[in-house]
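Please open the structure in your viewer and keep the selection panel at hand, as this tour moves from one selection to the next.

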Amino acid sequence: MTDGYGSFGIFRVAIEPMDIVVLTTIVAALFVVVGAAEPVAARLRLPYSVILAVVGTMIGGGAIFFLQTELTDALNPVAEAILALPIRSDVFLYVFLPTLIFQATLGFDLRRMLDDWVPILVLAVVAVVVATVTVGYALSWTSTLPLMACFLIGAIVSTTDPSAVVSIFRSISAPQRLARIIEGESLLNDAAAIALFGLFMGFVMLGVPNPTLGDAFGSFPMLIAGGAATGWIMARIAVWLMALFRRYELAQISVCVALPYLAYIVAEQSVGASGVIAVVAAGLTLNITGPGRLPPAAWVNLREVWDLLAHWAGALIFILAALLIPRLLEGVRAEDFVLVGVVIAAAIVARILILFLLLPLLTKMKLSPNVERPYRVAILWGGLRGAVTLALALAVTESFRVPVEIKHVVGILATGFTLFTLLVQGTTLRLVIGWLGLDRLSPMDQALANQVVAVSLQTVREDVAKTTENYELNRDIARTEAKRFAERLDGAVKAAEDDAEILDRDRVTLGLIALAGAERDTILELIREGTVPPPLAGILMSDADRLIEATRGRGRIGYGRASRQSVGYGPLFRFGVFLNNRLKFTRPLARLTANRFELLLSQRLILRDLHGFINGRIRRIHGRRVADLLHEMLERRVETVTTALEGLRLQYPGYAEELERRFIRRTALRLEQREYDIMRGDGLIGAELHTVLVQEIARRRQIAEKRPPLDVALQKTELIRQIPLFEDLETGPLRRLTRALQTRYVNAGDVIMRKDVALKNVFFVASGAVELESAGQTLRLGRGEMFGQIALLTARRRRAVVRAITPTILLVLDEARFRRLLTRSALLREAVHESARERGISEDLLEMPDPTETTPALPRVEASDQGKV
């Protein structure tokens, strides 16, 4: 529904040329306003967007007043220049909107977003549709507007600006998952609202054939898929160019700055797809691939550039949109205020339906976190509308194909509703937060605060003591100050130890939260030092955040579950195995397996350093019992990581050693550069020599950063040779057995075999461990042992439940091949008899094949049968 001039019927309008000096002066003045608005908002404890909207409205209204007043003509040139600013809807949609969306996607923790993709997607899409329909029908019943025009207004006012409520949630330590869902919902509902806006715009434009609903909704998949494909392709090209310019950081940033605007324009003008979706796809693609392809320093600087651009864009879009408010409200009538009230009431009702009906339903279905009622009320009242709503309304007023009456009503209703959300809801949001009690610390958070203060003061006391000794300060003054500090420290320690509101299990939770926080701090330090490879930095940080959040939510149980999840085989890894085994596409699995190797090596390094934090910090506050318990839980995590790492070592011999060599080389380069920096700081070497040495290190680092290649063709022969049950097999049968065995990956807690399920397979544990429960008995089986053979040889239904207790690699053999193998391997036959005796099963019940019979060779295995997940 574009008309050649922009997106969704946005038409260009003629604008008088403006003197460049005047334009530059006005823009510079607006930047001064942007700079002053933030401290003013902090001083008044109001949302930043509210201050910007008020200032912009005052500037626009003042310009109109001075042009129309007879009091003075001195300010007329300034007023004319302000009103002649080239503020059009396409400026908002093509300049500011891509900037804000792209920066938001770069800041997303995509791995954590994927944990909540269901509530984000449902709330974003369903919330926009519900708001559009509710507002549309409410206006249709109370006005003479056509239904499609009412739906158009509903789509315009359905976008939300979460910045105010998210910033307040962060300041009051609200659950991170809640803020993440709100941000994700806001990003996607902008795309959904703009798509619906384009749909209904086609119905209200004169001279354009009305599209059928079937055709309109049928074009949605193209809008979404086309935009996503365009954004992905553009981002891949940009990443390739930035990697090509690896040594030129400014060139990399320049390419990145161009990416969202080109993606938006190509999607809208060339592909006919959604530009918003294209920008989202481009940002997410760069978010995933950028850290692994760009130098760490370049990635950090790139993020900082986009943070600044988004800050400017977000401020300017509010001010410039607010400049239009007096113009959009021209000719307002008394009945228009009634319609504004209808829009406000309908929008609030639509939001109530989402927050108090749909969201609890998703929680019961375990698709969304439990959002407590006070937080839902805060989200309801914090649903502010902003510049996107005004930009879409401006697009309607600019179009000459929209009837004048519809343009008039759209401008007034959208502007009135936006002003209500900003001036009423925005100014009272903190009062509502306080009334709900969300600005007060919970007993758990208060105990955590006491713990932080006590630990910090202990560290400060030690550092102050060292400082006074090193600088040889007056002993009497030092003793006096030390006594005063000790009194404060004793009070803080007593508050942390004797908090009557905290149960013992909560003390363990507090210790785990502190431990998870220390783990995150350790990861950040390793990232700054360059010890952790860039592609893994995001994964480790996501796992650390998930660990903290799970511990705060469910205590010890949440900590254990999140720690197991960080080591387990995820859906992406399983999909990579599927591509490798079924389609022979090995590249994804090679990358994922190599990532897993380095991830496990880094986790083991990080976890082993945390024992010192427990002894040095947590033991002082929570005592020996809690510290010992945390040591035990931490040691179990180390054992789990080590077991998973050993499983990979068995499967890919030598690769872990190559990674360790790479780690040592990278560490040596980092330490070498640190020595050169120290010498430069001490004046021992000059700037030119330092530059030459650092450039040489950068060249060698680029070589050392290259990951050694990994052959993901499962080295089963080497793996199988290490299983004692197959030691007596000759080379020929062993080779055929290698082709016959299938590989299966299971996570800790996964059920491998259930009761009363007839499976015709035998499982061999290649690495890891499983637990077998049968007839009230529990057996643990480790590497080299097997299960499933008793039920198969006795022709009975399986009476055991088998589940993995660590990440485990299993080798699976079907019944026919297992029986043939029994005739060839005496060790295997003896192992079967031994397992029967251990479980109290008579050996006479075993239907063992006769080893003296002539047995055909194991049949050839088709490639499609090798390896399943």
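Begin with the aromatic rings of this predicted model, where the count of aromatic pairs comes to eight. Select tyrosine 94 and tyrosine 264, whose ring centres lie 5.0 Å apart with the planes at 75 degrees, so that the pair is edge-to-face. This pair links distant parts of the chain, since tyrosine 94 sits in helix α4 (residues 89-107) and tyrosine 264 in helix α12 (residues 249-271), 170 residues apart. Tyrosine 94 is buried, with a relative accessible area of 16%, and tyrosine 264 is buried as well, with a value of 1%.

Next, select phenylalanine 573 and tyrosine 745, where the ring centres are 5.4 Å apart and the planes stand at 80 degrees, so this pair too is edge-to-face. Here phenylalanine 573 belongs to helix α24 (residues 571-582) and tyrosine 745 to strand β1 (residues 742-746), 172 residues apart, and both residues are buried.

Then select Tyr137, Trp141, Phe151 and Phe200 together, which ring pairs link into a cluster.

Move on to helix α6 (residues 117-142) and helix α16 (residues 334-364), whose axes come within 8 Å and cross at roughly 145 degrees, in a right-handed crossing. Among the residues that meet there are Val122, Val126 and Val130 in α6, and Val342, Ala346 and Arg351 in α16. The residues of this contact divide into 21 nonpolar, two polar and one charged.

Finally, select cysteine 150, which is buried with a relative accessible area of 0%, and cysteine 256, also buried at 0%; the structure holds zero disulfides.

Definitions and conventions:
Residues are numbered from 1 along each chain as its sequence is written. This is a predicted model: local features need pLDDT of at least 70, side-chain atom pairs count only at pLDDT 80 or more; totals for chains, interfaces and linings use all residues. Side-chain values use heavy atoms; hydrogens and water are left out. A disulfide is a pair of cysteine sulfur atoms within 2.5 Å. Buried means under 20% relative accessible area, exposed over 50%, partly exposed in between (1.4 Å probe, protein chains only). Axes are lines fitted to C-alpha atoms, for helices over the stretch in contact, and angles run from 0 to 180 degrees between N-to-C directions. Helices (H or I, at least four residues) and strands (E, at least two) are DSSP runs, numbered from the N terminus. A crossing is left-handed if the near helix is turned anticlockwise from the far one by less than a right angle, and right-handed if clockwise. Contact means heavy atoms within 4.5 Å. Ala, Val, Leu, Ile, Met, Phe, Trp, Tyr, Cys and Pro count as nonpolar, Asp, Glu, Lys and Arg as charged, and the others, Gly among them, as polar. Rings of Phe, Tyr and Trp (its six-membered ring) pair if their centres lie within 6.5 Å; planes under 30 degrees apart count as stacked, over 60 as edge-to-face and the rest as tilted.
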